[in-house]
Amino acid sequence: MSEKSRITLGLIGTGRIGRLHAEHLRFRLPAADLRVVTDLDRNSAQACADRCGIPRVAADHREILADRDLQAVVVCSPTDTHADIIEAAAAAGKHVFCEKPIEVNLQRIDRVLSAVAHAGVLLQIGFNRRFDANFQRIRKAVKEGEIGTPHQVHIISRDPAPPPVEYIRQSGGIFLDMTIHDFDMARFLIGSEVEEVYATGGVRIDAAIGEAGDLDTATILLKFADGTVGIVENSRQAVYGYDQRVEVFGSKGSIQAGNNYPNTCRIAGAGGVGRDLPLNFFMDRYTQSYLDEMAQFLEAIATDGPSPVSGVDARVPVVMARAACRSVQENRPVRLAEIEAEGASG
Ligand SMILES: NC(=O)c1ccc[n+]([C@@H]2O[C@H](COP(=O)([O-])OP(=O)(O)OC[C@H]3O[C@@H](n4cnc5c(N)ncnc54)[C@H](O)[C@@H]3O)[C@@H](O)[C@H]2O)c1
């Protein structure tokens with residue numbers, strides 16, 4: 001690939017996920033030319049630049065956005081910074097890859113999306129699980145009618161351990177920080193919008209999570225516009241590791257995806273037959289999907305194509321999360337239209 005045809009980028013936020021994207025952009029995506037990184041913690045940005053051979057560390061995101069040689073930015077700073085940075089990036093004419101979620105306030109999301117539309121730049125949100133090989137295969141089976149008309153979808157999504165309670169206090173809670181991926185997955189797999197959610201849950205793992213006003217265990221029923229019924233099961237702690245399974249059942253059959261394992265060995269002994277635990281968390285389980293989402297971002301810029309995960313895709317799961325919060329609070333099914341009607345108040 002010639003120097004000229006590579007996409008020039010800057011990256012904002014070199015924490016957990018930012019470092020992963022920086023490594024992919026520098027070492028595994030020849031179409032990318034990552035030239036600069038920044039972080040509030042300059043040492044973190046410098047360490048990332050040193051490790052990945054990135055030529056420059058900028059003082060802040062403004063310096064990156066002012067760089068006329070950059071075509072795109074990758075936003076990996078905390079969620080409460082995303083809206084401001086996307087708006088500023090759009091005004092500077094940069095294409096944006098931004099980690100999920102875009103924002104938790106619907107009114108603010110709408111302002112961001114109109115700024116992006118006005119600027120005519122590409123915005124892709126980091127719903128990486130869509131790019132996972134298992135879930136891509138399920139989507140293909142549903143789309144091509146391999147399992148007939150879908151009737152039911154079942155998503156099991158359990159983390160190996162809860163995040164710190166301080167994180168939960170500012171994350172917006174389980175539906176916004178965790179289920180949001182499953183809400184995205186549900187509408188992606190079925191290819192139909194969800195109209196109603198009915199959520200319930202409890203605190204089964206750590207009382208401190210309950211004291212912070214959140215749940216650590218949740219079950220959410222989904223009713224889709226096309227008649228499909230779905231269920232999402234979340235737990236913040238599965239003692240056997242990261243539990244990420246999906247089944248879609250339809251008129252001609254079903255398709256299931258199980259967990260991914262570090263190896264395929266089975267160990268037999270007098271006490272039974274077993275295997276090692278599943279891959280432990282998202283950095284291991286979804287590595288390839290992070291790479292593939294970024295490859296598609298670069299491709300969409302190069303070909304002037306549509307965003308693989310658009311602003312609408314970013315917004316709807318937030319509406320679903322808000323409906324789920326309301327459902328738990330009021331112990332009733334909540335239609336997304338109800339949340340939309342209140343959208344003006346955020
Ligand atoms: N798609 C996924 O699977 C996935 C996984 C993890 C995190 N995320 C999302 O990525 C974002 C970052 O999460 P994380 O786990 O990497 O957090 P983190 O705390 O590890 O990293 C965030 C970094 O951003 C820096 N930062 C804060 N404000 C900044 C600013 N204004 N400009 C530049 N840098 C700034 C912090 O110093 C920190 O180094 C969050 O929105 C989170 O929801 C997505």
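Tutor: Helix H5 (residues 106-119) and helix H13 pack with their axes 11 Å apart, at an angle of about 175°. The model is a predicted one, in which local features need pLDDT of at least 70 and side-chain atom pairs pLDDT 80 or more, while totals for chains, interfaces and linings use all residues. Residues are numbered from 1 along each chain as its sequence is written.

Student: What makes H5 roughly antiparallel to H13?

Tutor: Angles run from 0 to 180 degrees between the N-to-C directions of axes fitted to C-alpha atoms, for helices over the stretch in contact. An angle over 145 degrees counts as roughly antiparallel. The angle here is about 175°, and therefore H5 is roughly antiparallel to H13. A helix is a DSSP run of H or I with at least four residues, numbered from the N terminus.

Student: Which residues of H5 and H13 meet?

Tutor: Leu-106, Ile-109, Leu-113 and Val-116 in H5 meet Gly-311, Arg-315, Val-318 and Val-319 in H13. Residues are in contact if their C-beta atoms, placed from the backbone, lie within 7 Å. By class, this contact has 6 nonpolar, 1 polar and 1 charged residues. Ala, Val, Leu, Ile, Met, Phe, Trp, Tyr, Cys and Pro count as nonpolar, Asp, Glu, Lys and Arg as charged, and the others, including Gly, as polar.

Student: How do you know whether Ile-86 is buried or exposed?

Tutor: A residue is buried if 20 or more other C-beta atoms lie within 10 Å of its own, exposed if 12 or fewer, and partly exposed in between. Ile-86 has 28 C-beta neighbours inside 10 Å, so Ile-86 counts as buried. Ile-86 is placed in helix H4 (residues 79-91). Beyond four places in sequence, its contacts include Val-75, Val-96 and Val-112.

Student: How far apart are the C-alpha centres of domain 1 and domain 2?

Tutor: Those centres lie 28 Å apart, and 6 residues of domain 1 are in contact with 7 residues of domain 2.

Conventions:
Helix = DSSP H or I, 4+ residues; strand = E, 2+ residues; numbered from the N terminus. Parallel < 35°, antiparallel > 145°, perpendicular 65-115°, else oblique. Contact = placed C-beta atoms within 7 Å. Domains from an automatic or database assignment.
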